[in-house]
Amino acid sequence: MTDLFFNPEFWQYLSIPVIAALIGWGTNWLAIKMTFYPLEFIGKPPLLGWQGIIPSKARKMAAISVDATISKIGTVQEIFEQIDPNVLAAHIIYTVDPRIEEYVDELMLREHPTFWENLPSSARKLVYERVRKATPHLVDNLVQDIATNIEDLLDIKGMVIDRLAKDKRLLNRIFLECGDVEFRFIINSGMYFGFLFGLIQMAVWYLYPATWVLPVFGLLVGWATNWIALNVIFRPLKQHNIGPLKIQGLFLKRQPEVAHSFCHIVTHEILTVGNIIQGILEGPKGDRARNMVKKHIKPLVDETAGMGKAFTQVAFGPTGFAAMKNHVGEKAITISQSSFDNPAFEKDRARAVESIMVERMIALSSEEFQDLLRPCFQEDEIKLILVGAFLGLVAGVSQLIFIFGDALL
């Protein structure tokens with residue numbers, strides 16, 4: 001037995017499954033890295049270089065992700081209802097009320113400084129109080145009008161796709177966090193499957209030491225470890241019970257866990273209240289949304305002028321009074337966009353949306369649910385497998401030359 005351990009040929013043969021395990025691990029690790037990195041193309045396009053598969057097709061992958069998930073687990077109307085228009089209105093009023101005097105002074109000093117500076121303090125206070133009193137009703141009406149027309153005002157799919165296409169790091173994170181367990185399995189399984197293939201390779205080499213055996217088996221290890229790992233993750237779709245064993249694709253078994261992870265990222269970093277308001281005001285129907293804001297806020301000028309409206313119109317002139325209404329509307333739009341820069345409020349509303357999305361996502365069928373992660377492998381999957389096969393071939397040739405080279409001479 002001791003002689004065996006000092007026999008160089010023993011260690012040569014033993015190296016075959018060990019190297020096969022390293023090939024399997026290394027090629028699978030590289031496949032995962034090549035799927036997500038680098039974020040930008042490195043090299044000389046179009047052929048000499050590489051960009052991660054997900055980042056290179058960010059818009060397409062984002063669209064697939066939205067179609068596979070968000071479009072199935074919550075409509076625009078449902079998401080906005082979960083945010084709750086009444087809570088939105090109350091938050092706007094809560095944010096604006098302490099700054100009423102500041103907003104009025106800013107506007108008046110910019111548009112009609114002489115008039116405002118010469119206005120008695122008591123008259124200014126009256127204006128402040130009228131604005132404060134009129135604002136809640138106008139804001140409530142505005143938010144309810146937006147809620148009624150939200151399906152037309154907000155292109156939620158376009159909003160999410162634009163965000164993910166611009167932020168490739170965030171797009172990567174969605175896939176990496178949701179598939180963290182599966183990606184680790186793919187990498188580690190390459191070592192296990194590689195070692196098993198290596199044992200077969202060792203037996204074949206012992207019985208038939210032809211020069212093609214090691215390179216061909218290296219190629220097979222690089223190819224097969226990727227292919228097997230991918231199929232174990234997503235197949236079988238449905239759970240099959242074999243005695244006490246429950247057989248199902250690894251990713252599909254984790255549907256509730258993945259649902260919580262995915263929905264948390266989406267609601268806390270993409271479908272936030274601030275992003276939704278921005279999407280409404282800056283999206284394809286932004287002009288309509290802005291006009292809606294102006295329509296509801298412009299009466300604030302008439303309401304504030306009150307009994308002195310005729311005097312105000314004379315003081316400002318017809319054009320100045322109309323311009324004042326327009327500037328009030330523009331200011332209201334600016335306030336609407338900045339009112340939600342409040343992490344605590346954003347987090348609270350995100351949780352409300354997250355609850356319904358998680359529930360819907362858990363209820364998806366296995367066929368629908370696999371589409372969350374499956375596309376990141378399907379896109380250019382053959383390239384990853386071929387790279388693994390090529391590296392396995394190179395390792396097999398190297399093994400033949402550097403480990404068994406003397407035996408072949």
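In which handedness of crossing does helix 4 pass helix 11? Helix 4 passes helix 11 in a right-handed crossing, where right-handed means that the near helix is turned clockwise from the far one by less than a right angle, and left-handed that it is turned anticlockwise.

Before I go on, this is a predicted model, in which local features need pLDDT of at least 70 and side-chain atom pairs count only at pLDDT 80 or more, while totals for chains, interfaces and linings use all residues. Residues are numbered from 1 along each chain as its sequence is written, and side-chain values use heavy atoms, with hydrogens and water left out.

Two packed helices are described by the angle between their axes and the distance between the axes. For helix 4 (residues 58–73) and helix 11, the axes come within 8 Å and cross at roughly 140°, the axes being lines fitted to C-alpha atoms over the stretch in contact, with angles from 0 to 180 degrees between N-to-C directions. The two helices are therefore oblique to each other, a class left over once angles under 35 degrees are called roughly parallel, over 145 roughly antiparallel, and 65 to 115 roughly perpendicular. On the helix 4 side the contact (heavy atoms within 4.5 Å) is made by A58, R59, A62, A63, V66, D67 and I70, and on the helix 11 side by K157, V160, I161, D162, L164 and A165. These residues divide into 9 nonpolar, no polar and 4 charged, with Ala, Val, Leu, Ile, Met, Phe, Trp, Tyr, Cys and Pro counted as nonpolar, Asp, Glu, Lys and Arg as charged, and the others, Gly among them, as polar.

Let me turn to a second pair. The axes of helix 9 (residues 121–148) and helix 18 (residues 286–297) come within 9 Å and cross at roughly 150°, which makes helix 9 roughly antiparallel to helix 18. Here L138, N141, L142, D145 and I146 of helix 9 meet M292, V293, K295, H296 and I297 of helix 18, and by class this contact has 6 nonpolar, 2 polar and 2 charged residues.

Finally, the backbone. Most residues other than glycine have a negative phi, and most peptide bonds are trans. D84, although not a glycine, has a positive phi of about 80°, and D84 sits in the loop between helix 5 (76–83) and helix 6 (85–96). The peptide bond from Y37 to P38 is cis, with omega near -5°, and P38 is found in the loop between helix 2 (8–36) and strand 1 (42–44); helices here are DSSP runs of H or I with at least four residues, and strands are runs of E with at least two, numbered from the N terminus.
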